[in-house]
Amino acid sequence: MSITTKDAQGIAGMREAGRLASEVLDTITPHIKPGMTTNDVDRLAAECMARQGTRSATLGYQPPGYPPYPKSLCTSLNNVVCHGIPNDKPLKKGDIMNVDVTVITQDGWYGDTSRMFLVGECSIAAKRLVNLTYEAMWLGIQQVKPGARLGDVGHAIQKFAEGHGLSVVREFCGHGIGDKFHDEPQVLHYGRPGTGEELVPGMTFTIEPMLNIGRREVKEHGNDGWTIVTKDHSLSAQWEHTVLVTETGFEVLTISDGYPALPAFVTATTT
């Protein structure tokens with residue numbers, strides 16, 4: 001496994017990319033309400049990127065075995081685990097939705113982040129899932145420091161999620177990121193402490209747990225080549241940050257002025 005670490009210039013570039021990606025989500029947040037379509041969300045995000053001078057990493061993205069992705073972001077509703085493609089169907093009261101944005105800066109750095117949105121008043125179970133998934137992500141982030149291992153991150157997320165009766169999706173994971181969209185290492189959201197790649201300063205990667213109310217199994221939906229849903233049709237939630245390993249701990253790179261309040265147990269976005 002070849003993992004790239006960032007020098008001071010690379011870290012500065014990643015900070016800018018992360019902030020700009022988060023600001024795209026800030027821009028769309030006030031518009032997420034019943035009657036809005038996910039195509040509307042995609043359009044607003046694309047307009048924001050154009051103003052920033054960034055561009056979407058997902059538009060036209062085509063890994064081996066996939067068709068080109070047709071939109072500027074992903075919108076995953078309710079039982080959609082990930083890679084939901086925006087369309088003209090209006091959002092309705094009670095929906096939960098993940099919006100996943102990756103921008104590329106003019107200098108070629110990638111910023112990747114996602115947030116959950118509650119559309120109108122949602123069920124207690126839906127709100128609980130969204131909140132617990134948020135906390136699980138932050139518990140994983142807090143394991144990041146030099147000398148820790150990726151298994152420590154995955155274990156913290158898995159233990160918390162399963163302790164609250166949620167399941168952890170295994171087929172999709174976090175990933176290294178920098179001047180490439182997807183790079184080494186793979187960041188699993190389950191695992192055993194003390195196992196996996198050792199963390200060293202300068203590494204940047206995403207932590208993006210996908211948790212289900214029901215069973216963890218997933219399947220492809222329809223024939224678009226992208227959309228993944230829960231096999232048992234249960235609700236799924238995801239949050240995502242891009243994280244830097246610092247000399248003493250971590251720095252969350254995808255934070256902006258409009259980012260949601262931190263969980264009570266998180267005191268800082270850097271250590």
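Residues are numbered from 1 along each chain as its sequence is written, and side-chain values use heavy atoms, with hydrogens and water left out. As the model is predicted, local features need pLDDT of at least 70 and side-chain atom pairs count only at pLDDT 80 or more, whereas totals for chains, interfaces and linings use all residues.

Rolling a probe the size of a water molecule over the atoms shows where empty space is left. A pocket is here an open set of points on a 1 Å grid over the protein atoms alone, where a 1.4 Å probe fits and protein lies on both sides within 12 Å along at least five of seven lines, and its lining residues have an atom within 4 Å of a point. Grid points are joined across faces, edges and corners, and a volume is the space filled by probe spheres set on the points. The largest pocket of the model has a volume of about 650 Å³. Its lining comprises 30 residues, and those nearest the centre of the pocket are His83, Phe172, Cys173, His175 and His182. Strands are DSSP runs of E with at least two residues, helices are runs of H or I with at least four, and both are numbered from the N terminus. At least two lining residues of the largest pocket come from each of β2 (74–77), β4 (96–104), β7 (174–176) and β8 (183–187), and β8 gives the most, with four residues. By class, this lining holds 12 nonpolar, 10 polar and eight charged residues, where Ala, Val, Leu, Ile, Met, Phe, Trp, Tyr, Cys and Pro count as nonpolar, Asp, Glu, Lys and Arg as charged, and the others, Gly among them, as polar.

Strand β2 gives the most to the lining of the second largest pocket, with three residues, and the lining as a whole divides into seven nonpolar, 10 polar and five charged residues.

Two strands are taken to pair if DSSP finds at least two bridges between them. Strands β7 and β8, which both contribute to the lining of the largest pocket, pair in the antiparallel sense over three bridges and form a hairpin with six residues between them. Within this pairing, Gly176 has Asp183 in β8 as its bridge partner.

Strand β10 (residues 210–212) is joined to β13 by three bridges, and Met210 stands opposite Gln238 in β13.

Three bridges join β11 to β12 (residues 228–230), with Glu220 opposite Ile228 in β12.

Asn78, in the loop between β2 and β3 (80–82), counts as buried because its relative accessibility is 17%. Contact means heavy atoms within 4.5 Å, and, not counting residues up to four places away in sequence, Asn78 touches Lys92, Gly94, Asp95, Ile96, Ser234, Leu235 and Ser236. Thr102 is found in strand β4 and is buried, with a relative accessible area of 2%. Beyond its neighbours within four places in sequence, Thr102 is in contact with Arg55, Ser56, Ala57, Tyr110, Gly111, Asp112 and Phe181. Val187, in strand β8, is buried with a relative accessible area of 0%. Leaving out residues up to four places away in sequence, Val187 touches Leu150, Cys173, Gly174, His175, Phe205, Thr206 and Ile207.

How values were computed
Buried means under 20% relative accessible area, exposed over 50%, partly exposed in between (1.4 Å probe, protein chains only).
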